[in-house]
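Subject: Structure handover

Hi,

Here is the structure you were waiting for. My notes on it follow below.

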Amino acid sequence: VPGVTTVMSLLNGVDSEEIIAEKIGMDPIVHAYMVIASERVGNSIRFDPEVTKGLVFGEAGTQDKTPRCAAIETLFASSRVRARFVPDIQRQQWGKFCRNLSYNIPQAILGVGIGAFADSDHVRAVSEALESEVIAVGAAYGVDVPRIDRLFNTRYSKKNRYSTLQDLDAKRHTEVDMFCGVLMKKAEAKGLSVPTAATCYHLIRALEE
């Protein structure tokens, strides 16, 4: 839309738009997130563009493809960036949030490859407990969080490591605050308890130390 600034946050989690809106209001913001399987090495990010789904975006509060979403779609159509409009962007954001908590966090604590989610009932039990907590908190905010498809993705090696474990491997701070930390705050605001996420939060912070 000519003459109108549009802001999109590509960070993980479900609160970055809220943080930005504290400074500029919610009107300029189009909700968005990235789907990318990558490896961070030093100051570079490595990924395979052939299997990268890319940018997912949409308007909060409506399922319509608004004029500015159509403009965003047109903009990226002429670029190498894959971009996809979805009518239920907040549900999709919470879905990715759920996957990040359910997969990234247990893997990082245990230091195992992604194959452990298929091979171990115990790893899967922790993952499912985190999923249940995200779904419960999402419901309290009016979001029907989609359940995770737990079929092991054979495109990836069972040794693959998600970003949180990659951060611990490299002795970097992780995204645990925007994963478990945000879930804990949102749960507390609604009078809910998320004991698995709280325990995992402290375990990750201890590993960071």
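In this predicted model, α3 crosses α7 in a left-handed sense (the near helix is turned anticlockwise from the far one by less than a right angle). Contact here means heavy atoms within 4.5 Å. On the α3 side, Trp 94, Phe 97, Asn 100, Leu 101, Asn 104 and Ile 105 make the contact. On the α7 side, Val 176, Met 178, Phe 179, Cys 180, Val 182, Leu 183 and Lys 186 do.

Helix α3 covers residues 89-110 and helix α7 residues 176-189. Their axes lie 10 Å apart, at an angle of about 115°. The two helices are therefore roughly perpendicular (65 to 115 degrees).

Next, the aromatics. Rings of Phe, Tyr and Trp (its six-membered ring) pair if their centres lie within 6.5 Å. The count is five aromatic pairs. One of them, Tyr 103 with Tyr 162, is stacked, at 6.0 Å centre to centre and 25° between the planes (stacked is under 30 degrees). Tyr 103 sits in helix α3, and Tyr 162 in the loop between α5 (121-140) and α6 (163-169), 59 residues apart. Tyr 103 is buried, at 13% relative accessibility (buried is under 20%, exposed over 50%, partly exposed in between, with a 1.4 Å probe and protein chains only). Tyr 162 is partly exposed, at 29%. Trp 94, Phe 97 and Tyr 141 form one aromatic cluster.

Conventions: numbering starts from 1 along each chain as its sequence is written, and side-chain values use heavy atoms, without hydrogens or water. Local features need pLDDT of at least 70, and side-chain atom pairs count only at pLDDT 80 or more, while totals for chains, interfaces and linings use all residues.

Best wishes

Note on methods: Axes fitted to C-alpha atoms, helices over the stretch in contact; angles between N-to-C directions. Helix = DSSP H or I, 4+ residues; strand = E, 2+ residues; numbered from the N terminus. Parallel < 35°, antiparallel > 145°, perpendicular 65-115°, else oblique. Phe/Tyr/Trp six-rings, centres within 6.5 Å; stacked < 30°, edge-to-face > 60°.
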